[in-house]
Amino acid sequence: MSKEINSEEIKKEIESNFKQYFGKDGEPMSVYQYKGHNILNLDMASSALSKLHTVKIRPDDVLMLSYPAAGSHWVFEIVNMILTGNNERVPLIKEDMLLDCAPAEMLDSSKSPRFLNSHLPPKLLPPELLKDHKIIFLNRNPKAMLVSFYRHIQDISLLDYKGDLPSYFDLWIEGEVPYGDYFKYVQEIYALCKDNPNARIITYEEIKADMSKAVSRVAKFLGKTISDQLTEGIVSMCSFDKMKSEKKMTDSYLPKDLIGEGGTVYHSGKIDTWKKWLTVEQSERIDARIQSEFSDQGIIFNF
């Protein structure tokens, strides 16, 4: 007989595996580790992960997987409008359905269909959710994600990371940040989605290039027929400027002081802002990793 899973024991195990990585500037990057994976050093993260096995998976659940800062807040809004068949502002925020942090009770009490999302590797997700459920894998140019994730981490006051970008870059490239190595993560998710008819891969850059086409493509994948008028309405409501001005991180379980003064999850919304942040040498180091860990393995993305 298998041992019953105890949430409190899991939480204690996670929080006992506290680790700090130090950048060349001496500033620590703090994480919890669970089953060899870095997660956020936040009580809400250890609590959610310890109870994730209790969340009841529903047949109509849809799942989005992405590394942090891929544009998941944006896609969360788009897909929820597709699922509900209207372009009204979605009352939930992405974090309300984030398996990594959302309370199990909140997930269980949410109306169907749920658009769940996670940055966790497959190993830490409910196995039944990865079988016979629609999965959207959102990816983005890692240079843009690195910069955006750095800004997110600095904005999240509870993480208390004060490092400079050169130091953060070295930590990120080595996977010594929350959620670990981007390249390893993508390889695992790509393997999960590649030949899976229930999975679709889309990139931030594809959506930026033609949002109407991306909305139609996702709707078709989800088995939803939407009118041109609704497509246009979704495109309008999900423009970056509208999202930034109207979508607030309020009325949620998140601590009011989670994001520091002046912080935001919406930055420039552009695909090339990273060029203002990264040096040529840093850009070339990422190019080398893309070549060795994606291109040489037959993994191709449109970014």
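Guide: Ala69 is buried, with a relative accessible area of 9%; buried means under 20% relative accessible area, exposed over 50%, and partly exposed in between, for a 1.4 Å probe and protein chains only. The model is predicted, so local features need pLDDT of at least 70 and side-chain atom pairs count only at pLDDT 80 or more, while totals for chains, interfaces and linings use all residues. Residues are numbered from 1 along each chain as its sequence is written, and side-chain values use heavy atoms, leaving out hydrogens and water.

Visitor: Where is the place of Ala69?

Guide: Ala69 belongs to the loop between β4 and α3. Such names refer to DSSP runs numbered from the N terminus: helices are H or I with at least four residues, strands E with at least two.

Visitor: What is the phi of Ala69?

Guide: Most residues other than glycine have a negative phi, and most peptide bonds are trans. Ala69 has a positive phi, near 75 degrees, without being a glycine. Tyr179, also not a glycine, has a positive phi of about 80 degrees. Tyr179 is placed in the loop between α6 (165-173) and α7, and its relative accessibility of 9% makes it buried.

Visitor: Which peptide bond is cis?

Guide: The bond from Ser112 to Pro113 is cis, with omega near -5 degrees. Pro113 sits in the loop between α4 (104-109) and β5.

Visitor: What is the strand order in the open sheet of 4 strands?

Guide: Strands of a sheet pair through backbone hydrogen bonds, either parallel or antiparallel. In this sheet the order is β5-β4-β6-β7 and the pairing is parallel; two strands pair if DSSP finds at least two bridges between them. The edges are β5 (115-118) and β7, each with a single partner strand, so one side of each has no neighbour in the sheet. Ignoring direction, neighbouring strands are turned by 20 degrees against each other on average. Axes here are lines fitted to C-alpha atoms, for helices over the stretch in contact, and angles run from 0 to 180 degrees between N-to-C directions.

Visitor: Which helices pack on this sheet?

Guide: Helix α3 touches β4, β5 and β6, its direction making about 160 degrees with that of β5. Helix α7 (residues 182-193) touches β4, β5, β6 and β7, and its direction makes about 145 degrees with that of β6. Contact means heavy atoms within 4.5 Å.

Visitor: How many residues of strand β6 are buried?

Guide: In β6 (residues 134-139), 5 of the 6 residues are buried, so the strand is largely enclosed by the rest of the structure. Parallel pairing joins β6 to strand β4 (residues 62-66) over 5 bridges, and to strand β7 (residues 199-203) over 5 bridges. Ile135 of β6 stands opposite Leu63, while Ile136 stands opposite Arg200 in β7.

Visitor: What are the contacts of Ser72 beyond its neighbours within four places in sequence?

Guide: They are Met64, Ser66, Lys94, His119 and Leu138. Ser72 lies in helix α3 and is buried at 3% relative accessible area.

Visitor: What is the order of the open sheet of 3 strands?

Guide: The order is β1-β2-β3, with antiparallel pairing. Strands β1 (18-22) and β3 (37-40) form the edges; each has a single partner strand, so one side of each lacks a neighbour in the sheet. Neighbouring strands here are turned by 50 degrees on average, direction ignored. Helix α1 (residues 7-16) packs on this sheet, touching β1, β2 and β3, with its direction at about 145 degrees to that of β2.

Visitor: Which residues have the most contacts inside the largest nonpolar core?

Guide: In soluble globular proteins, nonpolar side chains tend to be buried together. The largest core has 99 residues, and Tyr168 and Trp172 have the most contacts inside it. Such a core is a set of buried Ala, Val, Leu, Ile, Met, Phe, Trp, Tyr and Cys residues joined through side-chain atoms within 4.5 Å. Beyond four places in sequence, the contacts of Tyr168 include Met29, Leu146, Phe149 and Val177.
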